[in-house]
Amino acid sequence: MNLQKNMDLLEKLTILSDAAKYDVACTSSGVDRKGTGRGMGNSIAPGVCHSFSADGRCISLLKILLTNECIFNCAYCLNNCASQVKRAAFTPDEICTLTMEFYRRNYIEGLFLSSGIMISPSYTMDLIYQTLWKLRQVHHFNGYIHVKSIPGADPVLLEKTGFLADRMSINLELPTADSLRQLAPCKSRSTILRPMRQIQNRITDNKQELMVYRETPRFVPAGQSTQMIIGATPENDFQIMSVAENLYQKFQLKRVFYSAFVNVNGNSNLPALPGGPPLLREHRLYQADWLLRYYHFHVSELLSEDRPDFNIFLDPKCDWALRHLEFFPVEINQASYQTLLRVPGIGYKSAERIVKARKRNRLTFEDLKKIGVVLKRALYFITCSGKMMYNTKLEENYICENLMRDKTQIPRDIREGGYQQLSFFDKEMRSDFQLTDTQILPPGQRVSSI
Amino acid sequence: MYIFLCEDNIDSIFTGIYDAWASRYGHANISLTTCPPDNYTLFSEYITVETDYEKSEKVARTLRARLGEETYTEICQAACALEENHGRKKAMDKADAIYHTIVLALALKDGSKVLNYLGEPYVNRVFHLSRKAGNEAHHLLGFLRFQELENGLLFARIHPKNQVLPFLGEHFSDRLPEENFMIYDASHNQAALHPKGKGFFLTDTQDLNQEMLGRFSPEELEYQKLWCTFFENIAIEARINPKLQNQNILKRFQQDVIEFTRGS
């Protein structure tokens, strides 16, 4: 080990927050817990964002590594054992002090603790466990804790840690076993999926125990999440989304996160991405992820072997609707909740409000607007009391052309992004996304109308 | 038309609702407002509401019992919301919307469902007001910053548009039961005070000792520095995007958040 000695807290925090920033998950959601009247801390189910960093991402938790010392050699990671970076390690007490003092000043909603692998996976996991134990038992911290499972650590340690944490996660890192073997030779699918399964089973058992005896200690009450790096390896969107769907269905994950690849250590075996990280692709994956979790979509409806990547110009729901015009128009005052969910411009909350509100009044377009429906997208696909909003045609090219005039199809921050300037006709970007002309331009669409 | 003039606070609005109901003028002939009119309309009778905490409490009790805790909270949030008028068109009066929503709720078999009926203009207005106040309160649960003063008190200053102190006071009393803290709402000159181990209360802040607020505990600046360091380091350089940052934490919140004000 080449840990530096005599480092003060500020220097350690500098190194170990910098090293933790590529982990995406910073959510504090999924668990409602009242305060206990002693110590400090409570938790609310929707989670709370405490700040937004210069990259515009939410800061909810104190996201740090226990140490950036690491015996593994994952190619994409800045902390791999071959890289020449300053190494530091927190003691459990230092982490407790930072967490408690930040929490009482309301800087954070809790702790997100990850780590490089020091000495061995079990040694590292044990330090993580000790830290959590101190926070919960000595400092009576009752706020949110998200902790990483270290691949290859002793299952007994994982289990003990799970009773102290709200959420646990283990990163899948790359969508396929092949890519993982190439870029992270010290990790394998089985050292990642085995602990994931273990925690899943324990959560299920715990739910049963809680039904029998309500005072049973809770095991990972906010569930598990994972993360995949997007754009470092050649997988297409179809492969990535299929993996995500599997994780939701077979491992009951709460969230899958997608992280646009940044080549942090200039590794020549990895893509250089001169146009910046593939943010638009990441955005489309998140949109599709929501369609899986909240809108009852299946990956097979959105993508296929023949159409393996998302349309970059239209969000996945609009894209789906355009290819399924036989489904429309939908009558707002009659359609089922499931049907409403499929309409572009109607979110799951609006759909719920529509179903409740129409019990008393026949809804008009004016009402829909007030309810929160985005009419500029929805108007092509719906009727209110049998009438369309305007005299629009139910025709693919016509609707497509109009939808693409809506600039919000590509979010403003990506369109005008501070760092990455997007040009639709940028060759490099096109190759990043592995798109051909026919995929970029829907049939019948002329370049000039964009 | 009988028009009840209330002040813009929850107790006055609830008193107005009590008086309007008790007046028996008929709901269709009654209107409530929190804004004194510029021009008094002919043929309307104006009645000034005198805030009465007993009446307000009675209204609150009835709403809780008949509409349930959740709907009651939404109505309170609406009552605490700022009435913003966009453009020339005047939006429906807050107090009037709440009154007529309650009238409808009490006529329903299940009053707790009243906020479902968004096709009703009054209900829609209450829903929007409540959401606005609720959203701001939720943002402040995260954006509020405590500073530890010399005497150990945790002090936070906020400039909210809506009167969100009751919601913040409740949240932080549950979260920090063993702290003495004070949340100062500088827009409405009110504060929520929480003495260690007790419940919180609201108070006026005329005689707030401004000088005391500038004297920090010895460790305070150290933790601020640690936090700001963390804040800078956690951003990914390749994704720097100030537009997105300002979209997510609006400038009006930034003024009270140390990592944005403490130039480093």
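Author: Start with helix axes. An axis is a line fitted to the C-alpha atoms, for helices over the stretch in contact, and angles run from 0 to 180 degrees between N-to-C directions. Keep in mind that this is a predicted model.

Reader: What do the axes of H2(A) and H3(A) do?

Author: They come within 9 Å and cross at roughly 45°. Angles under 35 degrees count as roughly parallel, and 65 to 115 as roughly perpendicular. H2(A) and H3(A) are therefore oblique to each other. Their crossing is right-handed.

Reader: Which residues of H2(A) and H3(A) meet?

Author: From H2(A) come A:Pro92, A:Asp93, A:Ile95, A:Cys96, A:Thr99 and A:Met100. They meet A:Leu127, A:Thr131, A:Lys134 and A:Leu135 in H3(A). Sorted by class, this contact of H2(A) with H3(A) has six nonpolar, two polar and two charged residues.

Reader: At what angle do H3(A) and H4(A) cross?

Author: Roughly 20°, with the axes coming within 10 Å. H3(A) covers residues 121-138, and H4(A) covers residues 155-162. That angle makes H3(A) roughly parallel to H4(A). The crossing of H3(A) past H4(A) is left-handed.

Reader: Now chain B. How many helices and strands are in it?

Author: Chain B has nine helices and eight strands. Its C-alpha trace spans about 65 × 45 × 40 Å along the principal axes. Of the 264 residues in chain B, 51% are buried. Take the contacts in chain B with a separation of 6 or more: residues 24 or more positions apart account for 66% of them.

Reader: At what angle do H3(B) and H4(B) pack?

Author: At about 120°, with their axes 8 Å apart. H3(B) runs over residues 94-107, and H4(B) over residues 121-143. H3(B) and H4(B) are therefore oblique to each other. H3(B) passes H4(B) in a left-handed crossing.

Reader: Which residues of H3(B) meet H4(B)?

Author: B:Lys94, B:Asp96, B:Ala97, B:Ile98, B:His100, B:Thr101 and B:Leu104 do, on the H3(B) side. Their partners in H4(B) are B:Tyr122, B:Val123, B:Arg125, B:Val126 and B:Leu129. This contact of H3(B) with H4(B) holds seven nonpolar, two polar and three charged residues.

Reader: Next, a single residue. Is B:Ala192 buried or exposed?

Author: B:Ala192 is buried, because its relative accessible area is 0%. The residue sits in strand S7 of chain B, residues 190-194. Leave out residues up to four places away in sequence. B:Ala192 then touches B:Leu165, B:Gly169, B:Phe181, B:Met182, B:Ile183, B:Phe200, B:Phe201 and B:Leu202. B:Ile240 is 48 residues from B:Ala192 along the chain, and their C-alpha atoms are separated by 37 Å.

Reader: Last topic: the backbone. What is the rule for phi and peptide bonds?

Author: Most residues other than glycine have a negative phi, and most peptide bonds are trans. Now the exceptions here. A:Asn106 is not a glycine, yet has a positive phi of about 60°. A:Asn106 lies in the loop between helix H2 (92-104) and strand S4 (110-114) of chain A. A:Asn106 is buried, with a relative accessible area of 1%.

Reader: What is the phi of A:Ser385?

Author: Positive, about 50°, although A:Ser385 is not a glycine. A:Ser385 is in the loop between strand S10 (382-383) and helix H15 (396-405) of chain A. A:Ser385 is partly exposed, at a relative accessible area of 38%.

Reader: Which residues does the cis peptide bond join?

Author: A:Phe328 and A:Pro329, with omega about -5°. Find A:Pro329 in the loop between helix H10 (316-322) and strand S9 (330-331) of chain A.

Terms used
Residues are numbered from 1 along each chain as its sequence is written. Chains are lettered from A and ligands numbered from 1 in the order in which they are written. This is a predicted model: local features need pLDDT of at least 70, side-chain atom pairs count only at pLDDT 80 or more; totals for chains, interfaces and linings use all residues. Side-chain values use heavy atoms; hydrogens and water are left out. Helices (H or I, at least four residues) and strands (E, at least two) are DSSP runs, numbered from the N terminus. Angles under 35 degrees count as roughly parallel, over 145 as roughly antiparallel, 65 to 115 as roughly perpendicular and the rest as oblique. A crossing is left-handed if the near helix is turned anticlockwise from the far one by less than a right angle, and right-handed if clockwise. Buried means under 20% relative accessible area, exposed over 50%, partly exposed in between (1.4 Å probe, protein chains only). Contact means heavy atoms within 4.5 Å. Ala, Val, Leu, Ile, Met, Phe, Trp, Tyr, Cys and Pro count as nonpolar, Asp, Glu, Lys and Arg as charged, and the others, Gly among them, as polar.
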